[in-house]
Amino acid sequence: MSAVSAPPSVVGSFTREAFQAHLARVAHLPAWWLARKQAAYARFAAAPMPKRTDEGWRFSSFATLTLDGFSFPASSVKPAALALPAAASLAFVNNRIVHQDPLPAALAQRGVIFDTLQNALLKHGDLVKTHLLAQPSKLGSDKFAALHEAFLEDGAFVHVPKGVELSEVLAVHHQADGDGAAVFPHTLVVAEDNAKVTVADFFKSDAKTQFACGGNDLYAGHGAAVTYVAMQDWSRDTLSFQFNATVAKRDAKVLSLNLHAGARQARHESFSQLSAPGAHSEMLALTVAHGTQEFDQRTLQIHQAPNTGSNLLYKNALLDQAKTIFSGLIVVDPDAQKTDAYQSNRNLMLSDEAEAHSLPGLEIQANDVRCTHGATSARIDREQEFYLEARGIKPAQAQELLVFGFFEEVLGKIENEALHDSLTAIIRQKFTS
Amino acid sequence: MKPPTEIEAAATENPVVGIDQTKGDFQYNVDYAFDAGTGLNEDTVRYISSVKKEEPWILDFRLKALQTFLAKPMPTHWATKDLENINFDKIRYYLSQGQKPKRTWDEVPDDIKKTFERLGIPEQERKFLAGVEAQFDSEAAYSNIKDIVAKQGVIFCNSTEGLREHPEIFRKFFGKVIPTGDNKFSALNSAVFSGGSFIYVPPGVKVAQPLQAYFRINAENFGQFERTLIIADEGSEVVYMEGCTAPKFSTSTLHSAVVELVALKGAKIQYITVQNWANNVFNLVTKRAVAHEDAEVKWIDCNIGSRLTMKYPGVVLKGKRARGEVISIALANDGQHQDTGAKMIHAADDTTSVVVSKSISVGQGRSTYRGQVHIPKHLKGCKNNTECDALLINTNSRTDTYPAISVRGDKNATQHEASVSKVSEDMIFYMQQRGLTEAQAMSLAVNGFINDLARQFPMEYSVELKRLIDLEMEGSVG
């Protein structure tokens with residue numbers, strides 16, 4: 001019997017030469033980080049491409065994706081202006097920092113750090129080492145998570161010391177520029193005990209075919225409150241991966257909201273770990289899918305301690321021939337009694353050719369829990385549509401209004417008005433473009 | 001594998017079907033032992049086919065199925081790894097009636113006898129369920145049922161008879177609802193199937209009393225690979241019940257049935273299963289129906305016992321306004337895994353489907369709901385509603401839910417809701433205050449949990465189901 005050879009992996013543009021060139025660009029960073037990157041590249045190169053028959057890729061069209069044709073071009077464009085009032089901001093174009101609005105002195109004096117990941121690696125290596133990509137990929141994208149770690153060049157680092165509360169938003173802009181540009185954005189948020197912070201990531205590009213492979217780590221210490229909003233508005237031909245890992249400690253509260261608007265094909269994986277009593281994670285997402293866009297969303301809520309809570313609400317509005325996949329899992333460990341977990345995926349079908357797949361899952365090993373999930377797919381209520389049209393509102397506008405009505409349950413959870421407006425503007429643009 | 005019997009040795013000498021009929025006393029006399037031995041290979045399949053005097057096409061069908069079975073991997077990439085513990089080489093794939101291990105009522109374990117008593121099953125029936133009765137008695141009971149329905153033109157026989165005596169109907173529908181290669185176990189069944197029912201209900205005929213396989217499955221004893229095919233012709237109605245509500249003490253290790261239902265235009269089929277297998281049985285069953293225009297198929301499925309049950313009854317809603325329903329109850333006790341669910345494949349406009357699944361996990365039991373709802377492109381007016389509720393009794397019990405819902409287009413609606421909870425402490429306290437023991441209170445609460453579904457069972461099944469739950473709940477608390 002001949003030995004079965006492993007299926008060939010797809011390296012595409014991300015060859016060893018490309019990786020060596022990348023390493024040369026970050027050679028000044030700490031040795032431990034470079035070693036981790038080496039290991040990550042080896043994992044990426046060795047891992048086979050996912051197949052549609054893999055359970056974690058069910059219904060996904062990613063099996064046909066190619067990693068060819070991407071590069072790391074330099075760019076001199078200025079980041080797109082953003083109307084969001086922020087305490088401070090960082091702007092990256094093609095993985096390189098191009099602009100920085102530093103923190104107000106008062107916050108800096110209280111020990112808040114908001115800097116590039118490269119600077120943080122050099123100045124706060126231990127902190128970064130503890131939290132950066134500390135959670136293994138659990139939702140099927142080991143290969144791409146390894147790719148992210150291998151090529152991650154720069155990103156944002158937020159550290160809020162014990163008891164410090166920030167009322168204003170910290171904003172991070174990531175832009176991809178030029179055909180074939182590959183970007184690897186990352187935001188690391190560490191909120192120490194009883195700290196409070198809101199961070200917003202903006203992903204934007206205007207060129208044609210690009211590759212984005214981003215990630216974010218959210219760590220909320222005891223009693224901390226972290227709000228994280230990611231607005232993904234890549235170009236319509238971008239291939240996007242985005243990985244989130246959230247860890248919530250005792251009585252911590254984390255709210256993360258992902259808006260999915262751009263990209264040709266986008267896969268978003270979000271993992272929340274409720275690791276101590278009283279921890280709570282609110283996982284929210286809004287998707288406006290049109291044309292032939294495909295949004296593939298995979299989530300995992302792991303309850304590891306008693307009296308923890310999580311609430312997931314993913315709402316998708318589907319137009320044209322768009323496709324969404326939601327696959328979520330609530331896992332309750334045997335010791336996590338008194339868990340209160342909810343998971344909901346609602347699909348609003350706005351076209352006869354749109355396609356929605358829902359796979360909401362539960363794995364419950366403790367008995368004294370309240371775990372529920374729900375999934376629905378349906379069209380707009382015709383009576384509501386008729387009501388609006390009877391009052392002179394055009395059908396397209398009526399549809400937009402009803403979509404906003406559908407999304408309000410999620411948008412309403414964002415207290416910061418400026419952030420709320422930014423989200424609304426991106427969604428509105430999808431209906432006018 | 002044990003040395004070949006005389007019959008097996010003879011079976012290899014026939015140039016056509018593997019049997020030299022001039023040699024040996026091989027007259028399909030039930031006094032003779034028909035034993036395919038242990039393990040599965042082409043000879044096993046040829047042996048079964050020859051014993052059943054099958055046409056060449058069905059032997060071909062079996063042999064192709066065997067190849068499919070051998071080629072397919074175990075579905076452990078999505079299902080439990082426990083499947084890997086099945087040793088296909090140690091299974092006896094065909095053991096005719098005459099050769100089944102002799103049992104007498106005295107041999108029945110005491111706890112089983114007590115269970116029968118507590119279930120209120122009459123003495124005669126108890127003995128029957130214990131496998132004491134010879135198969136002739138069973139055939140007699142079977143024939144009685146057949147006579148009554150035969151007056152209406154209904155065909156109700158076993159699948160071997162169906163193949164032999166009604167090939168024009170049998171062949172048209174056989175293997176069409178569940179193709180051989182549907183999954184590894186449907187392929188296995190297709191290769192070695194034996195027993196099972198064949199029912200044909202003529203147009204417009206409404207069968208008044210349920211048709212039951214209650215007796216026959218026991219009579220044929222190891223019915224491990226039974227194959228059932230039910231065709232309800234236009235406008236007809238039939239209710240079919242299988243299994244028994246008493247605990248089985250079968251020594252089988254693998255039960256892998258295939259059940260195909262065809263409800264033609266306007267027909268209604270209700271298929272009721274109440275099964276309680278021994279704790280060593282892998283119960284891996286493929287059940288699917290096709291519902292044509294205005295037809296209705298309802299699966300009512302209750303699974304208690306077994307080591308591992310994997311069963312996902314489905315309906316392909318092929319005609320306009322067809323309706324499909326799956327109502328299921330699963331109870332998983334220590335060392336058991338009930339991996340059950342439902343499939344609803346919408347393939348025409350205005351089709352509707354309902355899935356209601358309730359599971360109870362006791363001790364270290366594990367229950368899983370796995371579902372699929374599929375509404376493809378450009379259909380309109382399709383609706384699905386799925387509800388799954390899981391009850392966890394002890395701290396070590398476990399439950400999982402894995403539905404997959406695919407909807408295309410804006411003219412259809414689906415909704416899925418699932419919840420996991422435990423029995424309310426207040427409720428138990430309330431009942432204990434009124435003099436019930438904790439176990440009695442728990443049992444009452446569990447029966448209350450499934451009450452709305454159990455009411456849909458025929459009364460005698462419903463009563464026995466409740467008693468079975470009482471038995472399962474004993475010792476589960478405290």
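What is the volume of the second largest cavity? In this predicted model, where local features need pLDDT of at least 70, side-chain atom pairs count only at pLDDT 80 or more and totals for chains, interfaces and linings use all residues, that volume is about 100 Å³. Residues are numbered from 1 along each chain as its sequence is written, chains are lettered from A and ligands numbered from 1 in the order in which they are written, and side-chain values use heavy atoms, with hydrogens and water left out.

Rolling a probe the size of a water molecule over the atoms shows where empty space is left. On a 1 Å grid over the protein atoms alone, a cavity is a set of points where a 1.4 Å probe fits but cannot get out, whereas a pocket is an open set with protein on both sides within 12 Å along at least five of seven lines; lining residues have an atom within 4 Å of a point. Grid points are joined across faces, edges and corners, and a volume is the space filled by probe spheres set on the points. By this rule there are five cavities of 30 Å³ or more. Sixteen residues line the second largest cavity, and those closest to its centre are Ser357(B), Ser359(B), Thr368(B), Tyr369(B) and Asp400(B). Its lining has five nonpolar, nine polar and two charged residues (Ala, Val, Leu, Ile, Met, Phe, Trp, Tyr, Cys and Pro count as nonpolar, Asp, Glu, Lys and Arg as charged, and the others, Gly among them, as polar).

The largest pocket holds about 1,600 Å³ of space. Among the 49 residues that line this pocket, Glu55(A), Arg58(A), Trp78(B), Ala79(B) and Arg370(B) are the closest to its centre. Elements that give two or more residues to the lining include β15 and β17 (323-332) of chain A and α9 (184-192) of chain B. Helices (H or I, at least four residues) and strands (E, at least two) are DSSP runs, numbered from the N terminus. Strand β9(B) supplies the largest share of the pocket lining, with five residues. By class, 20 nonpolar, 14 polar and 15 charged residues make up the lining of the largest pocket.

Two strands pair if DSSP finds at least two bridges between them. Ten bridges join β13(A) to the parallel strand β11(A), residues 239-248, and Gln242(A) stands opposite His268(A). Strand β15(A), residues 294-303, also pairs with β13(A) in the parallel sense over ten bridges, with His303(A) as the bridge partner of Leu274(A).

Thr299(A) lies in strand β15 of chain A and counts as buried at 1% relative accessibility. Not counting residues up to four places away in sequence, Thr299(A) touches Ser270(A), Met283(A) and Phe326(A), among others (contact means heavy atoms within 4.5 Å).

Two arginines sit in loops. Arg110(A), between α3 (105-109) and β3 (113-116) of chain A, is partly exposed at 47% relative accessibility. Beyond four places away in sequence, Arg110(A) touches Pro161(A), Gly163(A) and Val164(A). The C-alpha atoms of Arg110(A) and Val160(A) are 8.8 Å apart, although the residues are 50 apart in sequence. Arg92(B) lies in the loop between α3 (56-71) and α4 (110-119) of chain B and is partly exposed at 36% relative accessibility.

Chain B has 13 helices and 19 strands, and 61% of its 478 residues count as buried. A nonpolar core is a set of buried Ala, Val, Leu, Ile, Met, Phe, Trp, Tyr and Cys residues joined through side-chain atoms within 4.5 Å. In the largest such core, of 53 residues, Ile364(A), Leu261(B) and Trp299(B) touch the most other members. Apart from it lies another core of 44 residues, including Leu34(A) and Trp57(A).

Notes: Buried < 20%, exposed > 50% of the residue type's maximum accessible area, 1.4 Å probe, protein only.
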